[in-house]
Amino acid sequence: MGQKIIRFSDLTGKHVEDDGELVRIVVRQHPDLEDGPVEIEALAEELTTLEELALDLVTLELHHPDSDEPETVVLEAEAFNRLAGAAPMADVLRGAKRVARTVPSQGAAPARERVNYASLDHAGRPHKGRTTDAEKLLVQQHLDAVNERLAAEGIRTIDLGNAEHVARYGLEELARERGVTLD
């Protein structure tokens with residue numbers, strides 16, 4: 001007995017005749033996206049106007065002196081360029097101090113982007129919100145890598161000897177395994 005798989009575009013529901021017509025799309029940011037990136041498929045013909053619709057965007061991090069976490073702002077490049085008064089923005093950027101590279105955000109985002117702490121790029125960062133099970137699991141499975149990233153960013157690391165850190169990320173078992181006693 002054989003099987004036949006019938007595929008459809010996730011965007012329009014159109015029947016896909018040939019898998020070679022499918023384009024894999026990873027949605028990294030969207031106002032309705034709650035638990036990190038998702039993957040959908042669409043026919044190439046459905047995406048022909050996508051590049052024409054794309055916006056030139058600038059993503060900024062505002063590091064306020066009275067806040068532990070930066071505020072992320074996304075705006076159109078033209079609006080950002082108008083902020084430069086003494087010299088063109090291209091000259092301002094060329095003369096600016098370099099910072100360590102981070103993984104760039106993909107695609108359009110709302111004016112205020114929500115940080116996904118359930119991703120390896122942000123897991124373990126101090127924040128005021130609830131620590132989700134997904135973030136806890138990432139920290140539990142990748143504690144050393146998370147601490148390495150936090151240290152490189154100049155942020156406090158997660159200390160297995162700190163009872164608050166252990167409770168927040170569910171690290172009791174890992175602390176026991178490593179023979180760490182809590183403060």
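Predicted model: local features only at pLDDT ≥ 70, side-chain atom pairs only at ≥ 80, totals over all residues.
1. Residues are numbered from 1 along each chain as its sequence is written, and side-chain values use heavy atoms, with hydrogens and water left out.

2. Leu143, Val146, Asn147, Arg149 and Leu150 of α5 are buried. They sit on the same side of α5 because they cover an arc of only 160 degrees around the axis (taken from the directions from the helix axis to the C-beta atoms). Helices here are DSSP runs of H or I, at least four residues, numbered from the N terminus.

3. The cover over the buried residues of α5 includes α4 and α7. Just after α5, Gly154 has a positive phi of about 75 degrees.

4. The largest nonpolar core has 13 residues, including Val139, Leu143 and Ile158; such a core is a set of buried Ala, Val, Leu, Ile, Met, Phe, Trp, Tyr and Cys residues joined through side-chain atoms within 4.5 Å. At least two of its residues come from each of α4 (133–141), α5 (143–152), α6 (163–169) and α7 (172–177), and α5 gives the largest share, three residues.

5. Leaving aside neighbours within four places in sequence, Leu174 is in contact with Gln140, Leu143 and Leu160 (heavy atoms within 4.5 Å). Another core, of five residues, lies apart from the largest one, and Val58, Leu60, Ala77 and Met89 are among them.

Definitions and conventions
Buried < 20%, exposed > 50% of the residue type's maximum accessible area, 1.4 Å probe, protein only.
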